[in-house]
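Reader: I am new to this structure and would like to learn how to read a few of its features. Could you take me through them one at a time?

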Amino acid sequence: MAWKDSSFYSILNIKCPRCHEGDMFPKGTLYSVSKFATMNEKCSCCGQYFEPETGYYYGAMFVSYAFSTAIFIGVWIVLSMLVEEVTLLMMIVALVVSVIALLPINFRLSRSIWIHIFIRYKGPCTLEKKKS
């Protein structure tokens, strides 16, 4: 099995769950404030729709919640290692900065994981698939 065939590759690179080739989000929009949440409607390679039904990504909030919890714990551990006494203000500032900085990544990875749970890999796109 090639690295590109793994779901882990597809999730981390935010690729189509069906073919692992098409991008779920437009290129160059990760840290664009107004465009980081804009998704492509469907895969440019296999035609898989990225929002199969209205409200499909509500469940991705639970994945995002897990990521946010990991960020909170990570910030707390790092602050505890760097500073002798962690104050409430220090913790709040560190959390706000890290959560806002990682928001676009958290958002996209959560959606990528969520769609990969429900849509299985069917193999790479071939010329016949791309034409139809």
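Reader: Which residues is H20 in contact with, leaving aside its neighbours within four places in sequence?

Author: In this predicted model, the residues in contact with H20, apart from those within four places in sequence, are K4, D5, S6, S7, Y9, S10, K15 and Y121. H20 itself has its place in the loop between helix 1 and helix 2, and a polar atom of its side chain lies 3.5 Å from the backbone oxygen of S6.

Reader: Is H20 buried or exposed?

Author: A residue counts as buried when its relative accessible area is under 20%. H20 has a relative accessible area of 2%, so it is buried.

Reader: Where is D23, and what does D23 touch?

Author: D23 is placed in the loop between helix 1 (7-12) and helix 2 (60-82).

Reader: Why does I77 count as partly exposed?

Author: The label partly exposed belongs to values between the buried limit, under 20%, and the exposed limit, over 50%. I77, which has its place in helix 2, counts as partly exposed because its relative accessibility is 40%.

Reader: Which residues form a nonpolar patch on the surface?

Author: The patch is formed by I73, W76, I77, V78, M81 and L82, which together have about 670 Å² of accessible area.

Technical notes: Residues numbered from 1 in each chain as written. Predicted model: local features only at pLDDT ≥ 70, side-chain atom pairs only at ≥ 80, totals over all residues. Heavy atoms only, no water. Helix = DSSP H or I, 4+ residues; strand = E, 2+ residues; numbered from the N terminus. Patch = residues over 30% accessible without salt bridge, like charges linked within 9 Å, V, L, I, M, F, W, Y side chains within 5 Å. Areas by Shrake-Rupley, 256 points an atom, 1.4 Å probe, with all protein chains shown as cover. Salt bridge = Lys/Arg side-chain N within 4 Å of Asp/Glu carboxyl O. Buried < 20%, exposed > 50% of the residue type's maximum accessible area, 1.4 Å probe, protein only. Polar contact = N/O pair within 3.5 Å; in protein donor to acceptor, adjacent residues only side chain to side chain. Contact = heavy atoms within 4.5 Å.
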